[in-house]
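Welcome, and thanks for taking a look at this one with us. Please open the model and keep the sequence beside it while you go through the points below.

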Amino acid sequence: MAPSFEWWGKEKHRGTPVVVKMENPNWSISELSSLEDDDVSAGDEIAGVRKGGKEKNAKQITWVLLLKAHRAAGCLASLASAAVGLASAVRRRVAAGRTDSDSAASPADESPIVRRRFYSFIKIFLCLSVFLLAFEIAAYLKGWHISAAPEFHSVDFFSSFGSIYASWLSFRADYIAPLLQFLANACVVLFLVQSADRFVMCLGCFWIRFKRIKPVAESSTDDFEAGKYFPMVLIQMPMCNEKEVYQQSIAAVCNLDWPKSNMLIQVLDDSDDPTTQALIREEVEKWAKTGVQILYRHRLIREGYKAGNLKLAMNCSYVKDYEFVSIFDADFQPAPDFLKRTIPHFKGNDELALVQARWSFINKDENLLTRLQNVNLCFHFEVEQQVNGIFLNFFGFNGTAGVWRIKALEDAGGWLERTTVEDMDIAVRAHLKGWKFIFLNDVECQCEVPESYEAYRKQQHRWHSGPMQLFRLCLPDIIRSKISFWKKANLIFLFFLLRKLILPFYSFTLFCIILPMTMFVPEAELPSWVVCYIPATMSFLNILPSPRSFPFIVPYLLFENTMSVTKFNAMISGLFQLGSAYEWVVTKKSGRSSEGDLLSLLEKEPKHQRGGSAPELESIAKELATLPKKKAKKHNRIYRKELALAFLLLTAAFRSLLSAQGIHFYFLLFQGLSFLSVGLDLIGEQVE
């Protein structure tokens, strides 16, 4: 007779424990782990023994243990596989030897001199921390007390090392600790002010949702259906060497639901690659043959970058016939009803200069880096832009996916090439002239976020150096302007100083320099609520607009502190005009939506509808398939500043163990590992 075993489970529909006795000894562990009540067939012998009726026998316990061992082995195997892959990636990085000192990896607006000095500054702190750690370990092994209140009587003053150690304790307590504590307290105050600002903005966003406040347009869909309100709209598409994304963006703009006679599209190509120029020109010609009013413009000299491109396009004689201008960057794909949902807000509102739409991201789930960017940008649009738009009628123009009243652009002085944030520049100047802005949180425009850390780092460097350039230039204009005192205060203290200068300053100084140093100078303290509780609360608030990202709340907190080194460096470069601070670097696009979108459109398009209104999708898809696949010269690199800070934080974490500072240890440990991951370029796109 075949041996039997018993399986403990829940009686169906009642939830009471039963014992299922089966005569089949050949069940595998995986089959047992997935066994459900429905899997028990009528031929199996089932003993409905209630809990307490029979005791578990040894064979049953063996099977349960085998099941748990099987699951544990699976987890260990996956962890081992991940560890091997990680070690392999690290080995490739080190073997390749490519670092951020390479010209291709460094932001063009980051001076080599500034980069070397900043890196040297971090190395000094790293070397000092390693030396102090060795010094403290030696004292600890001697049994000497190394906490904030050293017991001098326990030190051997007759030994030279004991004398040096006692002198160090006295020196750090009398001279280093007061200065470090003062800097820590100053940064904590800035941190609390910025956290309060963030909290107030979240309250404003909650109030907007609770009251269901949103901008309401005067004209309705009935006006469009009756053909009563179709003003002349100029659409500008600036691009530069972005052959990965131009095709679907031009197609999306050409398919906007607006009378063709009342819409003109300018494709403003700054590409210096002849192949890219030819592809974009050919695409424009295809759409022009279908009746779309679309023009291709190319500049031989890329003077002023995007601002210069837009400025030159606005100087065309036919622009005077248009009332509004809408701008879309090369990777932006507006929905067909974009103009019908934005233009109506201008009707009857002569003080309105700008209607800004929200961005949504095609590749937000591509990797960890894109997910963390999505958290940041969702908070930016949902909270910052929406709250400022509702309560102040002012926010920074995002540079794309917006509609401007041309009269307001001209009144503000037009596009200027004086900074790398021409969008923020024109918004500030229009605000000083008294114009108002509207942000539409329910109108979205699809685009991409950078998938590699190198591209993201360059983008963030430009985004944080530009505002400081602009602040230096427009501060006198803000002071002399005729707007109210409170609007001036908002511009100077909140818009520029708090959110553009103080935020990167205290993030880097407090968490990357002062906190590690307090581990070696324990007389200066940072309380646990500064290190853990308030940052965790702020991260929780930041992630609320994107609730699906809650599993990434801890990586988000650590990554934001990690990016502070790049933002701080950019802020200092822009504020003091260090290096070539006016170089524009185009953010690299992946173009993941190009071929897929066209092929999906081809599958969905009914056969009888093909023909007259747009270029043949089938021919475009074939062209995409036959284009030569050039291997992009991409490399994962080692980022030296991030690596140096990683070792500094890990050294401080080890030192915190000697003082038994639990929360500080865990924060420093995980923050150090975060810097290590970024320094080895393990976050974002991985190039084999």
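UniProt positions are given here in the numbering used for this chain, and such annotations may be inferred rather than shown by experiment. With that in mind, this is a predicted model, and its unreviewed UniProt entry carries the annotation "transmembrane region" for residues 121-141, 175-193, 491-520 and 638-657. The points below start with two of those spans, then turn to a sheet, a surface patch and the salt bridges.

**Annotated spans**
- Residues 121-141 are 100% helix and 0% strand, with 31 Å between the C-alpha atoms at the two ends.
- Residues 491-520 are also 100% helix and 0% strand, and here the end C-alpha atoms are 40 Å apart.

**The sheet and its helices**
- Eight strands form an open sheet with mixed pairing, in the order S5-S4-S3-S6-S9-S8-S10-S7.
- At the edges you will find strand S5 (294-298) and strand S7 (333-334), each of which pairs on one side only.
- Strand S4 (residues 263-269) runs parallel to S5, and 5 bridges join the two.
- Within this pair of strands, Ile-265 stands opposite Ile-294 of S5.
- Helix H8 (residues 305-314) packs on the sheet and touches strand S3 (233-239), S4, S5 and strand S6 (324-327); the direction of H8 makes about 145 degrees with that of S3.
- Helix H10 (residues 368-391) packs on the sheet too, touching strand S8 (352-361) and strand S10 (436-447); the direction of H10 makes about 160 degrees with that of S8.

**A nonpolar surface patch**
- Phe-206, Trp-207, Phe-210, Ile-213, Phe-391 and Leu-392 make a nonpolar surface patch of about 620 Å².
- Helix H4 (residues 160-211) gives the most to this patch, with 3 residues; Phe-210 is found in helix H4.

**Salt bridges**
- The whole structure holds 23 salt bridges.

Conventions: Residues are numbered from 1 along each chain as its sequence is written. This is a predicted model: local features need pLDDT of at least 70, side-chain atom pairs count only at pLDDT 80 or more; totals for chains, interfaces and linings use all residues. Side-chain values use heavy atoms; hydrogens and water are left out. Helices (H or I, at least four residues) and strands (E, at least two) are DSSP runs, numbered from the N terminus. Two strands pair if DSSP finds at least two bridges between them. Contact means heavy atoms within 4.5 Å. Axes are lines fitted to C-alpha atoms, for helices over the stretch in contact, and angles run from 0 to 180 degrees between N-to-C directions. Patches are made of residues with over 30% relative accessible area and no salt bridge: like charges are joined within 9 Å, nonpolar side chains (Val, Leu, Ile, Met, Phe, Trp, Tyr) within 5 Å. Accessible areas come from the Shrake-Rupley method with a 1.4 Å probe; for residues, only the protein chains shown count as cover. A salt bridge is a side-chain nitrogen of Lys or Arg within 4 Å of a carboxyl oxygen of Asp or Glu.
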